[in-house]
Amino acid sequence: MNQDETKISRRTLIKRSIIAGAGIAGASLIGKACYSLLKKNKIEDLYGVYPSESSLKPLTLANRNAPKPNIILIYCDDLGYGDVSCYGSQAIRTPNIDALATDGMRFTGFYACNAICAPSRAGLLTGRYPFRTGIIGNPYPKDESLGPKMIRRAAMGLKALGVLDLREQYVANGIASQEITMAEALKVAGYRTGMIGKWHLGDYSRSPEFNPRRHGFDHYFGVPHSNDMSPCPLYRNEEQVEPDISFRSENEAYQARLTYLYTEEAKQFIQRSDDNPFFLYFAHTFPHQPLHASEKFAGKSKAGKFGDTVEEIDWSVGELVRLLKEKNLERNTMIVFTSDNGPWFEGRTVFRGRKGQSYEGGFRVPFIAKWPGKIPRGRTVTSPVMNIDLFPTFLHLAGVKPPIDRVVDGKNIFSLLTGNRAESPHEALYFYHYDTLAGIRVNNWKYYNKINRYVWPIPLDSASAPDKLAPILGNRWPLLYNLALDREESYNVIDSHPRVARRLAAMMKNWETAANGNPRGFLLP
């Protein structure tokens with residue numbers, strides 16, 4: 001080998017070394033980027049750990065002579081305030097839901113405790129604001145494909161630019177065993193418990209500890225999460241019935257059968273009723289996107305696919321009421337009908353905002369309660385209450401003493417339901433956007449410290465980068481609305497009522513300070 005060949009070989013070696021080094025460095029950078037995208041933060045870093053189960057106090061009976069009615073809780077998914085006839089819809093026919101309101105009580109100031117699916121359900125079943133459970137956003141399927149996961153995480157990394165309004169860096173995987181669900185509480189009073197439909201408090205298909213059967217329900221039939229998440233299996237108790245009915249599967253058409261299948265399963269649960277009272281939590285999959293209705297209802301409403309799914313839910317309500325009458329159970333059964341949050345892409349709110357927003361349209365939902373002989377017929381209640389109130393109310397009806405080892409944020413509203421009280425038991429209601437306290441309602445005043453306005457030209461205007469345009473966009477925060485005069489939250493009256501604004505701001509600060517001091521809310525020595 002001559003000297004020139006040796007020099008060329010050395011150059012080649014150097015080039016190859018540089019290329020190899022760059023490749024290794026690039027792979028390392030890509031690896032780190034992927035890791036940061038896929039890394040999931042521990043919710044305990046945000047809210048702390050749960051106490052040991054051995055330190056918790058068991059529930060006890062407080063009143064053995066309590067009425068103990070059967071309870072059916074019907075929970076729709078993304079049904080808006082104005083999506084049923086008795087709340088003003090002219091495009092969707094809901095005669096059976098309307099009949100509940102005629103024979104019972106309709107609330108016009110009822111709120112979900114969150115504007116998205118999973119946190120709303122966590123608060124409903126525990127009577128506690130969702131941050132206490134750590135379920136401040138939606139848990140996703142454990143077997144979710146890499147593509148959607150990385151796209152979502154990448155977009156979340158750009159949230160400072162106002163690209164995406166998701167704050168799911170910290171979300172619990174599912175509901176913890178230390179939480180007490182209303183099903184577990186009602187079993188103390190001898191209730192037989194069943195759940196039908198969407199759970200969304202942990203992917204039990206891969207983590208069985210989150211299955212409803214492990215959280216107080218004797219019987220279960222449904223799906224672990226929303227029907228737009230993949231995979232989405234169908235389960236009966238802890239056995240898989242269908243491996244995947246999501247929009248990504250070949251079996252998506254199965255979703256058109258869900259409302260019928262849910263209803264038949266609910267009827268079978270009621271048919272098995274005996275001398276003991278029962279609690280049925282019926283959480284519909286619809287009208288969440290993607291929308292599916294059975295052949296009997298597809299194309300029949302005046303509100304497109306969305307209306308078709310709601311009218312099929314109305315049919316389902318009618319089927320349950322008919323069966324209760326047949327079995328002579330109607331007079332001893334309390335039926336509650338409501339929704340987890342406001343509507344998403346379709347649906348009617350009559351307020352400002354939609355699903356995922358802290359405005360009224362995201363939180364305020366229809367609420368109807370019927371119990372013949374106990375709840376007055378045809379009444380309308382305007383007082384503000386929240387779905388977290390159902391936990392202590394149901395415990396009261398069952399004669400179960402409220403938990404003494406933790407904060408229960410909900411209030412017993414049975415006196416409102418019977419007409420013996422007119423005012424709300426709450427001094428204030430609080431509105432969270434994921435981990436952020438966004439607003440407060442006191443009487444008819446609604447105050448926001450900071451909130452995305454969702455208007456042109458920068459809808460996510462509270463993000464860091466858009467916020468720099470404040471001089472261009474004008475005076476935007478804080479916001480104060482008088483809901484008695486302006487339920488659409490159109491006019492910021494903070495300049496006219498500065499004292500009210502300061503009082504509500506102080507209440508928010510005091511609440512947040514206390515919550516940050518004990519976020520889980522356990523009252524242990």
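What span should the 23 residues of helix 8 (residues 304–326) have, and how far apart are the end C-alpha atoms? At 1.5 Å a residue, helix 8 should span 33 Å, and the end C-alpha atoms are 33 Å apart, which agrees. The model is a predicted one, and the distances, areas and volumes discussed here are computed from it.

Since 18 of its 23 residues are buried, helix 8 is largely enclosed by the rest of the structure. After helix 8 comes N328, with a positive phi near 60 degrees. Helix 10 (residues 390–398) is mostly covered too, with eight of its nine residues buried. The buried residues of helix 10 are L390, F391, P392, T393, F394, L395, L397 and A398. An α-helix has 3.6 residues a turn, so residues three or four places apart point the same way. Just after helix 10 stands G399, where phi is again positive, at about 80 degrees.

The strands come next. Strand 8 (residues 278–283) is mostly covered: six of its six residues are buried. F278, L280 and F282 point one way from strand 8, while F279, Y281 and A283 point the other way; the residues of both groups are buried. Strands of a sheet pair through backbone hydrogen bonds, either parallel or antiparallel. Strand 8 pairs in the parallel sense with strand 1 (residues 70–76), over five bridges. Within this pairing, Y75 has A283 of strand 8 as its bridge partner. Strand 8 also runs parallel to strand 4 (residues 192–198), to which six bridges join it. Here M195 stands opposite Y281 of strand 8.

Another part of the chain forms an open sheet of four strands in the order 13-14-15-16, with antiparallel pairing. Its edge strands, strand 13 (429–433) and strand 16 (479–482), each pair on one side only. From one strand to the next, the twist averages 20 degrees. Strand 13 and strand 14 are antiparallel and share five bridges, and L429 stands opposite R441 in strand 14.

The largest pocket has a volume of about 820 Å³. It is lined by 33 residues, of which N138, Y140, L166, D228 and W344 are the closest to its centre. Helix 5 (residues 146–157) gives the largest share of this lining, four residues. By class, the lining of the largest pocket has 16 nonpolar, nine polar and eight charged residues.

The second largest pocket holds about 430 Å³ of space. Among the 23 residues that line it, D165, R167, H433, N452 and S462 are the closest to its centre. Strand 14 (residues 436–442) contributes the largest share of the lining of the second largest pocket, three residues. That lining divides into nine nonpolar, 10 polar and four charged residues.

How many cavities of 30 Å³ or more does a search of the whole structure find? It finds one, and about 30 Å³ of space lies in the largest cavity. The residues that line the largest cavity are N114, A115, I116, G356, Y432, H433 and Y434.

Note on methods. Residues are numbered from 1 along each chain as its sequence is written. This is a predicted model: local features need pLDDT of at least 70, side-chain atom pairs count only at pLDDT 80 or more; totals for chains, interfaces and linings use all residues. Side-chain values use heavy atoms; hydrogens and water are left out. Buried means under 20% relative accessible area, exposed over 50%, partly exposed in between (1.4 Å probe, protein chains only). Helices (H or I, at least four residues) and strands (E, at least two) are DSSP runs, numbered from the N terminus. On a 1 Å grid over the protein atoms alone, a cavity is a set of points where a 1.4 Å probe fits but cannot get out, and a pocket is an open set with protein on both sides within 12 Å along at least five of seven lines; lining residues have an atom within 4 Å of a point. Grid points are joined across faces, edges and corners, and a volume is the space filled by probe spheres set on the points. The expected span of a helix is 1.5 Å times one less than its number of residues. Ala, Val, Leu, Ile, Met, Phe, Trp, Tyr, Cys and Pro count as nonpolar, Asp, Glu, Lys and Arg as charged, and the others, Gly among them, as polar. Two strands pair if DSSP finds at least two bridges between them. Axes are lines fitted to C-alpha atoms, for helices over the stretch in contact, and angles run from 0 to 180 degrees between N-to-C directions.
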